Amino acid sequence: MQFLTNGQLDRRWIFLGMLLAIASPILLQVTFPEKPSPKTIDVFNAIDQLSESSRVVIACDFDPASAGELEPMISAIVRHCALKRHRMIFLTLWLPGAPVIKSNIRMLVDEFPDYRSGIDYVDLGYQPGAEVVLKVLTSNFKKQCSSDTSGRNTADLPITAPLTTIQQVDLIVSVSTGFPGTTEWVQYVGSPHKVKMVGGTTAVSAPSLYAYIPRQLISVLGGIKGAAEYERKIMDHYPQLEANQSAREGIRRMGPQFMGHMLVVTLIVLGNILFFVEKRKGTDR
Amino acid sequence: MMKRTIPVMIASIAGLVLVVAHFIPPAQSWADEVSSWFQILAAVAFILGGASLFKIHLQKISDQRPGWGYSALTIVAFTVTLIVGIFKIGVPPSESFPSMPWSGDYVGDGGVLWWIFTYIFTPLNATMFALLAFFISSAAFRAFRAKNTEAMILLVTATVVLLGQTYAGTLLTGYDWINPHLQLKSIVDEWLMPVFNASGQRAIKIGIALGIVSTSLKVLIGTDRSYLGNEE
């Protein structure tokens, strides 16, 4: 296996380099300090400045492919809402999002045992129908969500009983990747009905949501970087989280991201050096 | 007539009801009715999709076409997942209705569907996505060349974003003697994303929205029938 052949690097070296770049910070548990960006601070403030017992919809519109980036983000948001004693309404427009809700509820019940199902939180599960679900939620909440995943009537649950439309909630947190996701929440709920919204998405999708800031979306958390900054921000405000290792999952994942990015930048630079060397050789001939 | 005119009429009426309901609030109940029908039809479409998947893969197995083994695997995986999901196999009853055996959530902890999701679907799905890191690194070396001015702009922007999105940005430029607005993280957070990127994205989104309005109008008045497929 030659390292370089005709100005091209054997891709197996690249793959090996990426494996080492990702694995080494995980094995050595390398982490870096995080400084929350203005966008992260805006998301934090949107949740933190709500009065206690506010109703917050948490939409988990993603699948396990994006969970690496989005799960730490949604866990941090759920923790923050619980610390502020907000009431949380979980739902998803993605079928694989239902187990994501379950794992967050498990975490919520483990870390905040006084949180009660049906009173402080409710799992409305998977809602099939994409944008149509959102349209119905804005006109008749209970027609769309007549029961929770335990089969209880939402009209009987203290958390959902007063809701006739979704506009009555205090904040919508949409963590998503792709369709249907935050864009649809903005287009069908947030923007037309003036409901306060914050978003969270993967790093590659984040630029498309920045267009909605600040009028349609208060702010957006982008990728694992956004999750890590958010974790830092809530730890700064709620120091009791410092001892909780699972509350720094995003920060932990920034190590592999740092090394991966450095490798990609190195490869871009190396590729261009070889490109110009080859070009010069061609000109000389 | 039956094959094309009636579907076009259904689409037009449903679309018009939703448009009218948006501007005339008393008509909202009509829109809700149309939305309910959409959800019923979408559920039926799931059945049709499943039947179509079965038909295509059974045909492939029957003809012993190349890769028919994968088709067999697809059918087995689909059937198993469908059965354990529909019959809620292994799902404990809901705490609210403990005497009713099928009252638990279909992805409830301990159920077979939950097990399939946690131990098969999640690792496979995450692995497929994680492989992107390897392909991106290879592509970065091979394709990201400064061949012209546009490529050079893209390359410099990508490098700044890649560095600014990690601690590398702070390590390289995060010092007090460097103007805060010239630090990599600030360049990404204050300029590249909210100014250049957001304005470009807004222009694209407005363009797409206008395109959707125009296409929707064509569907509503029945001049665009491409969604019905070919005449044959």
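A crossing of two helices is called right-handed if the near helix is turned clockwise from the far one by less than a right angle, and left-handed if the turn is anticlockwise. The legends below use this term. The model shown is predicted.

**Figure 1. Helix H1 of chain A crosses helix H5 of chain B.**
The crossing of H1(A) and H5(B) is right-handed. The two axes come within 9 Å and cross at roughly 125°. An angle between 115 and 145 degrees belongs to neither the roughly perpendicular nor the roughly antiparallel class, and H1(A) and H5(B) are therefore oblique to each other. On the side of H1(A), the residues that take part are A:Arg11, A:Ile14, A:Phe15, A:Met18 and A:Ile22. They meet B:Ala133, B:Phe134, B:Ser137, B:Ser138 and B:Phe141 in H5(B). Sorted by class, this contact holds 7 nonpolar, 2 polar and 1 charged residues.

**Figure 2. The side of chain A that touches chain B.**
Here 52 residues of chain A are in contact with 50 residues of chain B. Six elements of chain A give two or more residues each to this side: H1 (11-28), H3 (64-83), H4 (97-111), H5 (131-139), H8 (206-210) and H10 (249-284), each of them a helix. The one that gives the most is H10(A), with 15 residues. By class, the chain A side of the contact divides into 29 nonpolar, 16 polar and 7 charged residues.

**Figure 3. Helices H2 and H9 pack within chain A.**
Helix H2 (residues 38-48) and helix H9 (residues 223-237), both of chain A, pack at an angle of about 55°, and their axes are 9 Å apart. That angle makes H2(A) oblique to H9(A). The crossing of H2(A) and H9(A) is right-handed. From H2(A), the residues in the contact are A:Thr40, A:Ile41, A:Val43 and A:Phe44. Their partners in H9(A) are A:Gly226, A:Glu229, A:Tyr230, A:Lys233 and A:Ile234. This contact has 5 nonpolar, 2 polar and 2 charged residues.

**Figure 4. Two cis peptide bonds in loops of chain A.**
Most peptide bonds are trans. The bond that joins A:Phe179 and A:Pro180 is cis, with omega about -15°. A:Pro180 lies in the loop between strand E6 (171-176) and helix H7 (182-193) of chain A. The bond from A:Ile213 to A:Pro214 is also cis, and its omega is near 5°. A:Pro214 is found in the loop between H8 and strand E8 (220-222) of chain A.

**Figure 5. Two lysines with positive phi.**
Most residues other than glycine have a negative phi. A:Lys194 has a positive phi of about 55°. This lysine sits in the loop between H7 and strand E7 (197-201) of chain A. Is A:Lys194 buried or exposed? A residue with 12 or fewer other C-beta atoms within 10 Å is exposed; A:Lys194 has 10 such neighbours and so counts as exposed. In chain B, phi of B:Lys88 is positive too, near 50°. B:Lys88 is placed in the loop between helix H3 (68-86) and helix H4 (112-130) of chain B. The limit for a buried residue is 20 or more other C-beta atoms within 10 Å, and B:Lys88 is buried because it has 20.

A:Ser246 has its place in the loop between H9 and H10 of chain A. With 13 other C-beta atoms within 10 Å, A:Ser246 is partly exposed. Along the sequence, A:Ser246 and A:Leu221 are 25 residues apart; in space, their C-alpha atoms are 19 Å apart.

**Figure 6. The two chains as a setting for the close-ups.**
Chain A contains 10 helices and 8 strands, while chain B contains 8 helices and 0 strands. The radius of gyration of chain B is 27 Å, well over the 17 Å that the globule rule gives for 232 residues, so chain B is more spread out than a compact globule. Of the 285 residues of chain A, 52% count as buried; of the 232 residues of chain B, 13% do. Among contacts in chain A with a separation of 6 or more, 73% are between residues 24 or more positions apart. For chain B, 26% of the contacts between residues at least 6 apart in sequence join residues at least 24 apart.

How values were computed
Residues numbered from 1 in each chain as written. Chains lettered and ligands numbered in written order. Predicted model: local features only at pLDDT ≥ 70, side-chain atom pairs only at ≥ 80, totals over all residues. Axes fitted to C-alpha atoms, helices over the stretch in contact; angles between N-to-C directions. Helix = DSSP H or I, 4+ residues; strand = E, 2+ residues; numbered from the N terminus. Parallel < 35°, antiparallel > 145°, perpendicular 65-115°, else oblique. Contact = placed C-beta atoms within 7 Å. Nonpolar A, V, L, I, M, F, W, Y, C, P; charged D, E, K, R; others polar. Rg over C-alpha atoms; globule rule 2.2 N^0.38 Å.
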